[in-house]
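This briefing is meant for a reader who is meeting the structure for the first time. Please look over the sequence and the structure before going on to the points below.

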Amino acid sequence: MIEATEAIELEKETISLERVPTKIYKDAAEASKAVAQEIAKIIRKKNASGKPAVLGLATGSTPKKVYAELIRLHKSEGLSFENVITFNLDEYYPMQPDAVQSYHRFMKEQLFDHVNIAPENCHIPTGTLPLEKLAIFCKEYEAQIEELGGLDIQILGIGRNGHIGFNEPGSLVNSRTRLMTLDITTRMDAAGDFGTLVKVPRRAVTMGVKAIMEAKRVVLLAFGEHKAQVIKEAIEGPVSEKIPASYLQGHQNVRFILDEASASELSSRKKPWLFDEVIWDKMMVKKAVTNLALSLDKPILKLTNRDYNENGLSDLLANYGQAYDINLQVFQSLQHTITGWPGGKSLASDANRPERAFPAQKRVLIFSPHPDDDIISMGGTFQRLVDQEHDVHVAYQTSGNIAVADDEALRFIDFLDDFNSAFDIENRKYNTVFEEARAFLSKKKDSEIDIPAVRYVKGIIRQGEAKATCRFVGIPATNVHFLDMPFYETGAIQKMPLGEADIKIVSNIIAEIKPHQIFAAGDLADPHGTHKVCLDAIFESLERLKKEDYMNDCWVWLYRGAWAEWDIHEIEMAVPMSPTQVLQKRHGIFKHQSQKDGVVFQGNDSREFWQRAEDRNSATADLYNKLGFAEYAAIEAFVRYHF
């Protein structure tokens with residue numbers, strides 16, 4: 001048997017399938033600081049030699065923390081940008097420089113306005129020239145870089161389809177700066193910034209692949225689970241125009257800077273025992289055995305010694321004996337994750353259950369980042385907890401107002417107008433707020449940020465939908481809490497940093513309820529970042545409250561949403577659902593009418609959220625079935641967080 005305390009270090013020659021130098025950091029913040037320090041080193045070295053530092057810069061969410069750190073270095077450590085000259089990768093076409101989505105505006109707001117760089121030293125492709133003049137502009141853009149001796153460093157992000165700059169799939173390695181037609185995937189990913197897909201420009205001016213490859217140093221950054229698959233293809237796959245980032249395999253001075261999430265699909269992360277020494281603790285054994293079973297399409301208990309030996313796991317056999325013993329322990333470990341009692345089963349042994357039996361009735365606090373994450377991500381478990389008579393509370397962390405379409409808001413205002421008119425209701429405050437909202441929406445420009453009155457209207461639409469879901473599940477209105485965390489209330493995709501006010505709001509609700517169970521969204525694949533900020537607020541609150549007596553009885557379970565799911569070896573609680581329960585969950589999701597049939601922020605997945613949730617839950621059930629367990633219609637999965 002494999003004991004938890006055992007840790008066997010294997011001696012192997014380290015190998016790798018990675019064709020690009022790669023550095024993996026714990027998170028995006030740590031990675032961004034490292035990149036900013038590298039840029040600062042180049043700037044200081046060039047300053048010392050009396051030469052300008054020529055920087056190639058990128059836009060988008062990925063480099064924002066790099067720019068924030070450069071600003072800090074400028075203000076706190078005197079990093080001077082007087083001799084810095086910058087060239088940006090791209091710009092939408094057509095695009096006015098002062099438009100909300102303009103990369104000219106982005107760079108001013110994220111960096112240029114906060115450091116001592118001369119405006120004439122900041123170069124960004126134009127989105128305003130007549131089409132017939134673009135070719136000359138693009139040629140001159142590259143000529144300016146060449147006259148300065150080339151880019152000292154080029155910072156890159158990567159699109160989900162592998163694009164660098166706006167060099168979409170199909171771009172050749174010798175492509176130059178040019179006007180590019182945008183891939184539908186790129187446009188879908190940008191739809192959130194523009195409010196809807198139809199408003200996203202179809203073209204952009206981009207620095208070509210050859211111009212990028214001519215930079216003296218290239219650093220590509222990628223953060224988040226939604227980038228994991230394309231990172232694997234760019235680093236481990238063949239060089240191909242289908243994944244333009246793969247061209248970087250041929251650069252002599254390149255590095256990919258990743259966080260743990262974006263690196264999660266790399267072979268060295270998926271099967272580390274094939275590439276390096278590993279510590280064979282319980283989690284690693286579980287990961288190896290489930291991976292082996294799924295790759296061979298065999299139930300765990302049918303794996304043989306030969307299967308282990310032929311698939312790189314001979315060391316596991318050498319240290320622990322027969323496959324039978326290893327199989328049995330991993331099988332039992334997975335079996336003990338399955339429970340129909342997510343709040344624990346009273347009057348029953350909890351030795352082999354993921355949750356405690358006592359107290360029999362638990363106070364449960366479900367944190368939902370948006371007003372629908374609770375039902376989408378753990379609707380079956382939510383219902384089960386209520387049906388089993390636990391005291392269930394839901395805390396909706398943000399208003400979710402930016403995800404409501406303008407037409408939905410106008411429809412709501414029209415209803416209230418008709419209602420008030422029918423019953424001769426006169427309300428001065430209503431007239432002020434709702435008429436202001438109507439007037440703004442009637443003249444709203446594309447992607448103009450909503451005024452507070454409109455955000456208020458959209459917020460109460462989502463509140464009403466959340467209340468409807470809670471009524472459907474069966475919890476009283478007194479157990480529904482709307483936190484409206486301030487960081488979210490910008491009216492735009494870009495949010496404010498997590499602040500003290502946000503943390504206090506979360507801490508207060510925990511202190512008020514004193515829960516035995518907390519369920520929180522651990523789905524960091526959310527491309528808009530709201531889940532991450534909400535989770536950080538919970539973690540910080542738990543840290544501050546951990547010395548309180550009631551926290552000794554509090555267990556924290558993390559769920560994932562419509563974006564991704566836990567790997568099978570990570571799951572610590574699996575709540576099965578019958579076909580009837582799946583349908584019940586679907587109807588709960590349908591209560592969020594503003595998020596159906598034309599979601600504002602659809603993301604890169606064309607399925608509606610109820611379809612994503614059902615597919616994800618059925619896929620988890622299918623994995624358990626393939627590993628040799630009973631066949632369920634669906635399973636919701638959780639991982640316990642220890643604070």
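Predicted model: local features only at pLDDT ≥ 70, side-chain atom pairs only at ≥ 80, totals over all residues.

Is Lys 444 buried, exposed or partly exposed? Lys 444 is partly exposed, because its relative accessible area is 22%, and a residue counts as buried under 20% and as exposed over 50%.

**Salt bridges**
- A search of the whole structure finds 38 salt bridges, and in one of them the side chain of Lys 444 meets that of Asp 450, at 2.7 Å from N to O.
- A network of salt bridges links Glu 142, Glu 146, Arg 176, Lys 210 and Glu 214.

**Nonpolar cores**
- The largest nonpolar core has 59 residues, of which Trp 280, Tyr 308, Phe 367 and Ile 510 touch the most other members, while helix α18 (residues 530-545) gives the most to this core, with 7 residues.
- Leaving aside neighbours within four places in sequence, Phe 367 is in contact with several residues, among them Leu 483, Ile 510, Ile 538 and Tyr 559.
- A second, separate core of 45 residues includes Ile 43, Tyr 67, Phe 81 and Ile 153.

**Helix α12**
- The 13 residues of helix α12 (residues 323-335) should span 18 Å at 1.5 Å a residue, and the C-alpha atoms at its ends are 18 Å apart, which agrees.
- The buried residues of α12, including Ile 326, Phe 331 and Leu 334, pack against α9, α10, α11 and α20.

**Two loop residues**
- Ile 568, in the loop between β15 and β16, is buried, with a relative accessible area of 7%, and its contacts beyond four places in sequence include Thr 290, Leu 334 and Leu 623.
- Phe 423, in the loop between α14 and α15, is exposed at 56% relative accessible area, and together with Phe 415, Phe 419 and Ile 425 makes a nonpolar surface patch of about 420 Å².

How values were computed. Residues numbered from 1 in each chain as written. Heavy atoms only, no water. Helix = DSSP H or I, 4+ residues; strand = E, 2+ residues; numbered from the N terminus. Expected span 1.5 Å × (residues − 1). Buried < 20%, exposed > 50% of the residue type's maximum accessible area, 1.4 Å probe, protein only. Contact = heavy atoms within 4.5 Å. Core = buried A, V, L, I, M, F, W, Y, C linked by side-chain atoms within 4.5 Å. Patch = residues over 30% accessible without salt bridge, like charges linked within 9 Å, V, L, I, M, F, W, Y side chains within 5 Å. Areas by Shrake-Rupley, 256 points an atom, 1.4 Å probe, with all protein chains shown as cover. Salt bridge = Lys/Arg side-chain N within 4 Å of Asp/Glu carboxyl O.
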